[in-house]
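Take a walk through this protein with the model open beside you.

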Amino acid sequence: MSEFVSTWFTPPVGVQKGWVDFSKSSFWIAVVSILFNPTFWNIVAQNEYRNKSITRLLGGRRYLGCYLLAFTIFTLGILRDHLYQRALEEQPVHTMLMHPAVRVLAVVLIASGTVFVLSSMWMLGITGTYLGDYFGILMDHMVTGFPFSVLNDPMYVGSTLNFVGVALWYARPSGLLLSVLVWVTYRVALCFESPFTANIYREAAEKRKEKPVQEARRAPSAAAPAISSHEDGPSSSHAPYAARYQTRQRAL
């Protein structure tokens, strides 16, 4: 029994004991990676919504554009996790975090985080998960099932829980510090994502409301020549409406 407890409380041979070693370049590389990912996908996605850069580059194939962005974001996420792991390997451990209860907590957090992330992706699908809204691929209705029934942002919460769980499993205080950075970065990203996404759906709703009005206005103009008594154009009573119709056509 004593040997079992010793393996939990004693740091591996050759591993430094302490808190955080800020002199390691791997730590700062992990910081840059954590900050870069949400910044990247917000800039690219918002540019896509405004300018359709990716869609135009791909000849109007917006679904392909969304899938390529999804692949890029997913790959960057794997790279970030790898850099995080590398950073922890070079950081000191703390014996307080090597208690068996901490290891159990780490497993619970990693399992919970994974469930939140995977169930979110299952509910949203690829386009819903990876910013399809910015490509004009809108969801028909708001997703309210689990995990969205218990959390507003289950993917971000789940990802953060995974970072914390890994930090606890390896008994690295630096991992906890980086996990805080992950959470803060996600919170800041949401300050941009949430209102922008809400605006996308608000504009889409307004366009749907305007469409019947536009169709109703166009219908009389199409019938105008038939009821006109002049052969060379619409009557004076229909001329203003015809002008508005032509202007609307140019605008569209």
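Contact here means that heavy atoms lie within 4.5 Å. Apply that to the fold. Among contacts in the protein between residues at least 6 apart in sequence, 83% join residues at least 24 apart. Keep in mind that this is a predicted model.

Now the overall build. The protein has eight helices and zero strands. Read from the N terminus, the elements run α-α-α-α-α-α-α-α. The protein has 252 residues, and 37% of them count as buried.

Residues 25-45 are 100% helix and 0% strand, and their end C-alpha atoms lie 30 Å apart. Residues 64-84 are also 100% helix and 0% strand, with 30 Å between the end C-alpha atoms. Residues 163-186 give other values: 88% helix, 0% strand, and 13 Å between the end C-alpha atoms.

Is Ser-33 buried or exposed? Its relative accessible area is 8%. The cut-off for buried is under 20%, so Ser-33 counts as buried. Which residues does Ser-33 touch, leaving aside its neighbours within four places in sequence? The contacts are Arg-80 and Leu-83.

Helix α4, residues 62-89, contains Gly-77. Gly-77 has a relative accessible area of 13%, so it too is buried. Look across from Gly-77 to Asn-37. These two residues are 40 apart along the chain, yet their C-alpha atoms are separated by 7.4 Å.

Now take a helix pair. Helix α5 (residues 100-129) packs with helix α6 (residues 154-169) at an angle of about 150 degrees. Their axes are 7 Å apart. Angles over 145 degrees count as roughly antiparallel, so α5 is roughly antiparallel to α6. The crossing of α5 past α6 is left-handed.

The loops hold some backbone exceptions. Most residues other than glycine have a negative phi, and most peptide bonds are trans. Where does the model depart from that? Begin in the loop between α5 and α6, the place of Pro-147. A cis peptide bond joins Phe-146 to Pro-147, with omega at about 5 degrees.

Then turn to phi. Lys-52 is not a glycine, yet its phi is positive, at about 55 degrees. This residue lies in the loop between α2 and α3 (53-57). Lys-52 has a relative accessible area of 27%, so it is partly exposed.

Ala-171 is another residue other than glycine with a positive phi, near 60 degrees. Find Ala-171 in the loop between α6 and α7 (173-227). How accessible is Ala-171? Its relative accessibility is 2%, so Ala-171 counts as buried. Lys-52, by contrast, is partly exposed.

Terms used: Residues numbered from 1 in each chain as written. Predicted model: local features only at pLDDT ≥ 70, side-chain atom pairs only at ≥ 80, totals over all residues. Heavy atoms only, no water. Buried < 20%, exposed > 50% of the residue type's maximum accessible area, 1.4 Å probe, protein only. Helix = DSSP H or I, 4+ residues; strand = E, 2+ residues; numbered from the N terminus. Axes fitted to C-alpha atoms, helices over the stretch in contact; angles between N-to-C directions. Parallel < 35°, antiparallel > 145°, perpendicular 65-115°, else oblique. Left-handed = near helix turned anticlockwise from the far one by under 90°.
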